Amino acid sequence: MNARAGIQSVVLLLAGGALIRTAWTGTYVRYVKPGLQWYLIAAGLVLLAVAAVSLVRLFAGREDHDHHHEHGHGRFEPSWLIVAPALALLLVAPPALGSYAAARGGTALGAAADSDFPPLPAGDPVRVSLLEYASRSVFDKGRSLQGRTVTMSGFIVVDGDRRYLTRMIITCCAADARPVKVGLDGAVPPGTAADSWLEVTGAYTARTDADPVDGEPIPYVAVASARAIPAPKQPYET
């Protein structure tokens with residue numbers, strides 16, 4: 001068997017298996033938008049089919065066993081080492097982006113003119129996304145948040161003595177992810193560490209910070225209560 005062609009086929013086999021496993025178990029949402037699940041499964045099946053055809057052809061056309069034994073037996077082929085990353089991807093799913101990436105990315109809130117936002121739904125506390133709260137705080141100057149209590153969730157980014165509730169925003173996949181950060185002003189559970197997930201209930205405050213990465217505003221929420229929660233199945237906002 002041609003060693004290089006065999007390695008390529010095995011890598012395709014492992015990559016296809018990793019795609020299907022990731023899509024089927026739901027961990028794919030750590031890397032891409034939820035609507036792409038069936039595309040990942042289809043891509044994985046194509047890779048498996050190509051790998052299977054390639055392996056069948058290689059075994060069917062392999063060199064004479066005695067010739068192979070004479071010239072190739074007992075030698076280690078270094079190129080097989082490239083199989084290791086593909087095997088690792090199949091066995092271990094990398095985590096979603098967290099505080100390390102968020103702390104090094106500027107907030108996704110760019111400069112914009114003042115905007116009018118519709119009223120929030122009736123009933124307090126009203127659950128909002130981190131992006132919606134931040135947008136209403138910055139672009140609406142908090143007008144549509146006045147007198148309301150909101151609940152939102154995210155992971156913690158630590159910057160000195162400040163704690164930011166954060167979610168990564170993706171358009172397509174984790175490669176284009178950017179953070180939205182909301183500062184926590186008030187009752188934060190003691191010992192809250194980076195990457196901890198919190199559900200926070202609070203109200204609008206005019207306090208802001210300038211993001212140290214891109215200088216854009218980071219709004220704050222006046223925290224009335226906060227509790228630790230497990231990381232959600234879908235960690236990103238879109």
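Residues are numbered from 1 along each chain as its sequence is written, and side-chain values use heavy atoms, with hydrogens and water left out. Because the model is predicted, local features need pLDDT of at least 70 and side-chain atom pairs count only at pLDDT 80 or more, while totals for chains, interfaces and linings use all residues.

**Exercise 1. Describe the secondary structure of the chain and its order**.

Step 1. Helices (H or I, at least four residues) and strands (E, at least two) are taken as DSSP runs and numbered from the N terminus.
Step 2. The chain comes to six helices and six strands.
Step 3. Read from the N terminus, the order is α-α-α-α-α-β-α-β-β-β-β-β.
Step 4. With contact meaning heavy atoms within 4.5 Å, 71% of the contacts between residues at least 6 apart in sequence join residues at least 24 apart.

**Exercise 2. Determine which residues of helix H6 are buried and what covers them**.

Step 1. Buried means under 20% relative accessible area, exposed over 50%, and partly exposed in between (1.4 Å probe, protein chains only).
Step 2. H6 spans residues 130–139, and eight of its ten residues are buried.
Step 3. These are Leu-130, Tyr-133, Ala-134, Ser-135, Arg-136, Ser-137, Val-138 and Phe-139.
Step 4. Their cover includes strands E2, E3, E4, E5 and E6.

**Exercise 3. Find the aromatic pairs and classify their geometry**.

Step 1. Rings of Phe, Tyr and Trp (its six-membered ring) pair if their centres lie within 6.5 Å; planes under 30 degrees apart count as stacked, over 60 as edge-to-face and the rest as tilted.
Step 2. A search of the whole structure gives two pairs.
Step 3. Phe-155 and Trp-197 have ring centres 5.7 Å apart and planes at 65 degrees, so this pair is edge-to-face. Phe-155 belongs to strand E2 (residues 149–159) and Trp-197 to strand E5 (residues 197–210), 42 residues apart. Both residues are buried.
Step 4. Tyr-164 and Tyr-220 also form an edge-to-face pair, with 6.3 Å between centres and 70 degrees between planes. Tyr-164 sits in strand E3 and Tyr-220 in strand E6 (residues 217–228), 56 residues apart.
Step 5. Tyr-164 has a relative accessible area of 3%, so Tyr-164 is buried; Tyr-220, at 1%, is buried as well.
Step 6. A charge sits over a ring if NZ of Lys or CZ of Arg is within 6 Å of the ring centre and within 35 degrees of the ring normal. The charged end of Arg-207 sits over the ring of Tyr-220, 3.9 Å from its centre.

**Exercise 4. Characterise the second largest pocket by volume and lining**.

Step 1. On a 1 Å grid over the protein atoms alone, a pocket is an open set of points where a 1.4 Å probe fits, with protein on both sides within 12 Å along at least five of seven lines; lining residues have an atom within 4 Å of a point.
Step 2. Grid points are joined across faces, edges and corners, and the volume is the space filled by probe spheres set on the points. The value for this pocket is about 210 Å³.
Step 3. The lining has 14 residues, with Ala-96, Trp-197, Ala-231, Pro-232 and Pro-235 nearest the centre.
Step 4. Ala, Val, Leu, Ile, Met, Phe, Trp, Tyr, Cys and Pro count as nonpolar, Asp, Glu, Lys and Arg as charged, and the others, Gly among them, as polar. The lining then divides into eight nonpolar, three polar and three charged residues.
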